[in-house]
Amino acid sequence: MKKEGFLARLFSHNFVLIIISFLLSFIAWFIINLNAETETNVTISNIPVSISLPDTAVEKGFQIFNDTEYTASVEVTGNRLTVGSLTPSDIVITANQVSTIDHTDEYILPLSAKKAGIKSDYNIVSSVNPSSITVFVDKFKEKDVPIDKSQMKVTIDEGYYSEVSMSNDIVHLEGAASKIDEIEKVAIVDTINSEVSTPLTLQESLVFFDKNGDEIELHYVTTDLKSVEVTVSAQPRKDVSLALNVLNAPNNAPKIKLTPAKLSIYGPKEQIDAIENNRITIGTLDYKTLTNKSYQIPYDISLPEELKDCHVISEDTDTVIASVDLSSYSSTTVTAEINVKVDTNKYTAEIVSNANVKLDIYGPENLISKISENDVTVIADVTKLTDQLDDKNTVSVNVPLTVSLGKAYTQCWVYYDTNPANINVTPNS
């Protein structure tokens, strides 16, 4: 049998192993403790900068605006164990000379550092890096700005109109008041080739412009939107002439001029195709409301019911002006008797108010000089109000008046803005 070596027999004893382990641990402790006491330099970075505005500035509503967080670094020295455990919270970096802040401006503030917390067995051995910061001071402001899509150019096939819709119509801005005041317009700027067959959806960036129309970057201002979703769809378009529904017009009346005389509209194909003679009526002009003077009458651009799903391609106006010059006409006033039209087999009618009405008549001088009350017919037609009558009791009804002139006076018209005739209608017994 082979005998074991000396080292093998030595390490086979537990007591020997304990002694060796103790010696190794002591050596390791000694080395670590020796290194911990060694002086070393360490740079502490990302230390937040503390800035406190003076009370006078705060009372005026001033605050600091920044696009990034202010941080700095310093170099410290001390034993390796201490400085190795330091964090940014153990040091305070302060912005100085804040007492000069009293109005909107950029300020350069020097920085200083000092110890914080319970650790103190180290030293700050360098200046703060950076040595100063630039801060912008202003009052706070909010503003909502509509998003302008007029600078988004869309190419489309002839005979179609590209309708552009956005996921948001308004952008909300908040931040430094003077910087927000510089923003005059928020727009989408792009050129898009649109297909007739299918809608096109894109994510479009917002561009900010100043009062001079120059593009600007946002500084010290935040916005709830940087882009919006834009959908471009195509619908048929048509150029149409405009017309008025003219009532009670005299023969040879002056031509009514509409400005603009034409519009472009777009909408569903079946409605666009149904427009007769490429002309639409936008309102009514009744001569019974006109006198002998020159008129410029505004009409809101509203499409008729049969075009309810169509839209006007606006040319910087929502109004059409109807111009007509009646100043060359003469006038006269006549008093005419009101004739009541009633079903005499069923009812008896009696005018409660005045049985006569004064009317202003306008026309060429050679006709106006001849006209009299015998040339004017005024009718209160009760037969059109049968739903208001009672077969057993007398009722009082207000009956609109209809005025007409004799055949010799077709070049004249009657102005009447009178109240309806009040008539008692009694059933025949």
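**Cysteines and pockets**

The structure holds zero disulfides, a disulfide being a pair of cysteine sulfur atoms within 2.5 Å. This is a predicted model, where local features need pLDDT of at least 70, side-chain atom pairs count only at pLDDT 80 or more, and totals for chains, interfaces and linings use all residues. Residues are numbered from 1 along each chain as its sequence is written, and side-chain values use heavy atoms, with hydrogens and water left out.

Select Cys-310. Cys-310 is buried, at 6% relative accessible area (buried means under 20%, with a 1.4 Å probe and protein chains only). Go on to Cys-412, also buried, at 6%.

Next, the largest pocket. Its space is about 360 Å³. Its lining has 15 residues; select those closest to the centre: Tyr-161, Ser-162, Glu-163, Val-164 and Ile-313. (A pocket is an open set of points on a 1 Å grid over the protein atoms alone, where a 1.4 Å probe fits, with protein on both sides within 12 Å along at least five of seven lines; lining residues have an atom within 4 Å of a point. A volume is the space filled by probe spheres set on the points.)

Now colour β8 (152-155) and β9 (160-166): each supplies at least two lining residues. The largest share, five residues, comes from β9. (Strands are DSSP runs of E, at least two residues, numbered from the N terminus.)

Last stop: the second largest pocket, about 230 Å³. Select its lining, which includes Ala-243, Gln-271, Pro-304 and Leu-307. Strand β20 (residues 279-286) gives the largest share, three residues.

Methods. Helix = DSSP H or I, 4+ residues; strand = E, 2+ residues; numbered from the N terminus. Buried < 20%, exposed > 50% of the residue type's maximum accessible area, 1.4 Å probe, protein only.
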